[in-house]
Amino acid sequence: MKSFTLLLLAAALLWAAPGRAQQVSVIKFADLQQRLSRQNDTTYVVNFWATWCAPCVKELPLFEQLGTSQAGKKVKVLLVSLDYASQLDKKVKPFVQKRGLKSEVVLLNESDPNSYMDKVDPKWSGAIPFTLIWNGKKNRRATFERKFTQAELTAEINKFL
Amino acid sequence: MKKLLSFFPALLALALLTGFVADPTGYQVGDKVADFKLKNVDGKMVSLADDKAVKGYIVVFTCNTCPYAKAYESRIIELHQKYAPKGYPVVAINPNDAATVPGDSFAEMKARASSKKYPFPYLQDETQQVARTYGATRTPHLYVVTRQGSDFVVSYIGAIDDNSEDAKLVKTKYVEQAMTDLLAGKPAATNSTKAIGCTIKWKKS
């Protein structure tokens, strides 16, 4: 019995430890575009950010909180890092680890923003943070080239649910 | 007449709301730009109309603190060195609210301009009105304006080139392409591009 408790404890520790830390996959725009066109009843919240962007970093906890505040609802967060791919191991992975980000993080490996930005949204001028919310089934889509407050983000998400 | 006069303030208010204040898009290519008067790091006020000899300007919204602006800093200096002798000097404008970003204060701007030996004016857009009028959203964000009589008209808006990380890996130099066209007396074939940058740090209202 005692050894069983120990085993449980060990298992719990393993779960909580960085073993569960988020992986960061590096993707090209074609992969992202495929994901941005999903037509189902999930509401996707896609935030474009970078470790060097102060307002983005400040805003990240809001997206992280969606995981708990919208639990049970079909809301999925994707954090798209626009850091240079050369900074993946040096900056992005340590950042994600340190902040314990639970949302999915990908790094978009494209050197010319001009090649994809219009395909995300013609209205996107190029500033980050930039956020895209959409629901394929409801045929609803909105973009925001600014930082959210908690209340603003909740209000916007609620329009999709 | 009395009726008309009383109507006028309402019209004016409407014009202010729709025409000047609430235009989120800013200038488009082909638009005439309004001149400005902004303080340079040397303490002097600078306007586009100051230099009667220029053919135009390369107006860059940039700052001290954004990694993208820093990545492009030497390329902005090179643009000035290449195009000022051809009649298109660079004018750099820092629109960031210094209360939000202390690193973009006037004193820090002076320090940056002097340590990097900026060969062009580096102006503080303290009220942020110029950036709003242009429709600048990020740093760096670049506008080429060309003289037409006593006016300046927007000829190019956007990015400097297609690789911010490494100048050596650039395939397309957007501004240089546009400048080649403009100096040949033609409109820029590619007159608008996009690039990632740092959000302009607007004053909190």
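Two rings of Phe, Tyr or Trp (its six-membered ring) count as a pair if their centres lie within 6.5 Å. Keep in mind that this is a predicted model. With that cut-off, searching the whole structure turns up 18 aromatic pairs over all chains.

Take A:Phe48 and A:Trp124 to begin with: their ring centres are 4.9 Å apart and the planes meet at 45 degrees, so this pair is tilted. A:Phe48 belongs to strand E2 (residues 43-49) of chain A, while A:Trp124 sits in the loop between helix H5 (117-120) and strand E5 (127-128) of chain A, so the pair ties together parts that are 76 residues apart in sequence. A:Phe48 counts as buried, at 0% relative accessibility, and A:Trp124 is buried with a relative accessible area of 0%.

A:Trp124 also pairs with A:Phe130: here the centres are 4.2 Å apart and the planes are at 10 degrees, so these rings are stacked. Like A:Trp124, A:Phe130 is buried.

Put together, ring pairs join A:Phe48, A:Trp124 and A:Phe130 with A:Phe29 and A:Tyr116 in a cluster.

Which residues put a charged end over a ring, or lie over its face? Here are two cases:

| Charged residue | Ring | Distance to ring centre |
|---|---|---|
| A:Arg140 | A:Phe160 | 5.1 Å |
| B:Arg132 | B:Trp202 | 4.0 Å |

In chain A, the charged end of A:Arg140 sits over the A:Phe160 ring; in chain B, B:Arg132 lies over the face of B:Trp202.

Key
Residues are numbered from 1 along each chain as its sequence is written. Chains are lettered from A and ligands numbered from 1 in the order in which they are written. This is a predicted model: local features need pLDDT of at least 70, side-chain atom pairs count only at pLDDT 80 or more; totals for chains, interfaces and linings use all residues. Side-chain values use heavy atoms; hydrogens and water are left out. Rings of Phe, Tyr and Trp (its six-membered ring) pair if their centres lie within 6.5 Å; planes under 30 degrees apart count as stacked, over 60 as edge-to-face and the rest as tilted. Helices (H or I, at least four residues) and strands (E, at least two) are DSSP runs, numbered from the N terminus. Buried means under 20% relative accessible area, exposed over 50%, partly exposed in between (1.4 Å probe, protein chains only). A charge sits over a ring if NZ of Lys or CZ of Arg is within 6 Å of the ring centre and within 35 degrees of the ring normal.
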